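Subject: Structure handover

Hi,

Here is the structure I promised to pass on. Have a look at it first, and my notes follow below.

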Amino acid sequence: MKKIVLGTLVLMMALPLAADTWKNVSLMDAGCSTKKEAMAAPEKHTKHCALQCSKSGYGAIVDGKFVKFDKHGDELATEAIKSTERKDNLRADITGEMKDGQIVVTKLEMMK
């Protein structure tokens, strides 16, 4: 009985640590995500535009749809985009949790 209780407790503690990972997804600012041409060719979306439109926040193209980041994700994306040498085709690996239609980002790593 003690083993079952202990096992259940360990499992319950691990559940909040579970996170999704989206590999090599396109990043885009929320402002440009409403433009058909940007969504049709996210690889052409430039670093300059993404930084210029940063106040709208950021998100990722997941399964052909734009999914907004939470505030922390916006901050991580801003720093990552500023520091990348890429001029366009902004891609990253995102770790987080899909919650209420947005990604609560815990980690964002730009592709080189």
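Let's start with Asp74, which sits in helix α4 (residues 71-83); helices (H or I, at least four residues) and strands (E, at least two) are DSSP runs, numbered from the N terminus. A word on the basis: this is a predicted model, where local features need pLDDT of at least 70, side-chain atom pairs count only at pLDDT 80 or more, and totals for chains, interfaces and linings use all residues. Residues are numbered from 1 along each chain as its sequence is written, and side-chain values use heavy atoms, with hydrogens and water left out.

Asp74 counts as buried because its relative accessibility is 17% (buried means under 20% relative accessible area, exposed over 50%, partly exposed in between, with a 1.4 Å probe and protein chains only). Its side chain makes a polar contact with that of Lys68 at 3.2 Å (a pair of N or O atoms within 3.5 Å; within protein, one must be able to donate a hydrogen and the other to accept it, and residues adjacent in sequence count only if both atoms are side-chain atoms).

Zooming out, the chain has four helices and five strands, running α-β-α-α-β-β-α-β-β from the N terminus. The five strands form an open sheet in the order β3-β2-β1-β4-β5, with antiparallel pairing (two strands pair if DSSP finds at least two bridges between them). β3 (65-68) and β5 (102-110) are at the edges with a single partner strand each, so one side of each has no neighbour in the sheet. Of the 112 residues of the chain, 38% count as buried.

Cheers
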